[in-house]
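Please look through the structure shown here before reading on. The paragraphs that follow go through each chain in turn and then turn to the place where the chains meet.

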Amino acid sequence: MGIKINLDVLMAQKKTGLVELAKRVEITPANLSILKNNKAKAIRFSTLEAICRELGCQPGDIIEYEED
Amino acid sequence: MDSKLVKFTKTVLDVMFGGGFFVLFTLPVSLKLLGKYYSAKIEENFLIMLVSLAVCGVFGILIIAQLRRMMRTVIGGNCFVYANVESLQKMAVFSIVIAGVTLTKLFVMPTPATAVVVLVFFIAALFSQVLSHVFEKAVSYKEENDLTI
């Protein structure tokens with residue numbers, strides 16, 4: 001699995017929708033969906049910072065390493 | 001990118017594509033006329049000339065067809081795609097075929113112009129192949145960039 005994105009769990013906890021979060025983070029819903037569905041190859045610090053700010057969490061809450 | 005230049009290039013390619021078919025289909029007649037009024041050597045080696053020029057013509061048209069496909073992606077604003085890598089690889093193969101056929105013709109009817117054609121298409125094949133590798137790298141960089149959120 002490698003790196004896993006837990007954005008869907010966090011979004012559910014914070015009761016935030018994809019479109020709403022995308023607007024607050026200032027990225028497109030399509031890009032946020034790519035990130036949420038673990039299809040992204042990389043994440044910019046600025047995006048990570050904005051998500052952490054909006055969801056009130058730490059980078060470690062969003063990104064998790066899983067053994068293959 | 002200069003859209004006028006791109007559209008002009010596309011128009012030139014379209015004209016060359018149509019012109020290529022015209023030249024190819026009228027080749028037996030035009031060769032006969034060239035043999036009669038320009039050089040008797042053409043008339044002596046009519047069949048070899050006809051076959052070699054027809055093969056080169058077909059592959060030339062195929063090269064132009066690939067270039068037109070590539071130009072369409074440039075006009076569409078999405079030129080960094082794997083289809084263009086394949087087009088460049090195909091163009092390299094078509095160019096080497098033309099160089100090979102012309103080289104064979106060089107042994108039958110040696111002329112400086114024929115030697116130049118061999119050299120030009122051999123270099124074109126090499127450049128096309130190298131360019132396909134460069135394009136392939138560019139496509140992979142673009143895909144990676146597109147998936148960086």
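Two residues are said to be in contact if their C-beta atoms, placed from the backbone, lie within 7 Å. The structure is a predicted model, in which local features need pLDDT of at least 70 and side-chain atom pairs count only at pLDDT 80 or more, while totals for chains, interfaces and linings use all residues. Residues are numbered from 1 along each chain as its sequence is written, and chains are lettered from A and ligands numbered from 1 in the order in which they are written.

With that contact criterion, and not counting residues up to four places away in sequence, B:Phe59 touches B:Phe94, B:Val97 and B:Ile98. B:Phe59 itself belongs to helix 4 of chain B, residues 46–75, where helices (H or I, at least four residues) and strands (E, at least two) are DSSP runs numbered from the N terminus. A residue is called buried if 20 or more other C-beta atoms lie within 10 Å of its own, exposed if 12 or fewer, and partly exposed in between, the C-beta atoms again being placed from the backbone. B:Phe59 counts as buried because it has 21 C-beta neighbours inside 10 Å. Its C-alpha atom is separated by 20 Å from that of B:Thr9, which is 50 residues away along the chain.

In soluble globular proteins, nonpolar side chains tend to be buried together.

Chain B as a whole comes to 6 helices and 0 strands. Its C-alpha atoms fill a box of roughly 70 × 30 × 20 Å, taken along the principal axes. The radius of gyration, taken over C-alpha atoms, is compared here with a globule rule of 2.2 Å times the number of residues to the power 0.38; chain B has 19 Å, whereas a compact globule of 149 residues would have a value near 15 Å. Buried residues make up 19% of the 149 residues in chain B, and among its contacts between residues at least 6 apart in sequence, 71% join residues at least 24 apart.

Helix 6 of chain B has 35 residues and reaches 50 Å from its first C-alpha to its last. This is close to the expected 51 Å, a span defined as 1.5 Å times one less than the number of residues. In this helix B:Phe121, B:Ala125, B:Ser128 and B:Phe135 are buried, and the buried residues of helix 6 pack against helix 5 (82–108) of chain B. B:Ala124, which also lies in helix 6, is partly exposed, with 18 other C-beta atoms within 10 Å.

Within chain A, the buried residues of helix 3 are A:Leu32, A:Leu35 and A:Lys36. They lie on the same side of helix 3 of chain A because they cover an arc of only 95 degrees around the axis, the arc being that of the directions from the helix axis to the C-beta atoms. These buried residues pack against strand 1 (2–5), helix 1 (7–13) and helix 2 (18–25) of chain A. Just after helix 3 of chain A, A:Asn38 takes a positive phi of about 65 degrees.

Where the chains meet, 11 residues of chain A are in contact with 4 residues of chain B. Helix 3 (residues 29–36) of chain A gives the most to the side of chain A that touches chain B, with 3 residues. That side divides into 6 nonpolar, 2 polar and 3 charged residues, where Ala, Val, Leu, Ile, Met, Phe, Trp, Tyr, Cys and Pro count as nonpolar, Asp, Glu, Lys and Arg as charged, and the others, Gly among them, as polar.
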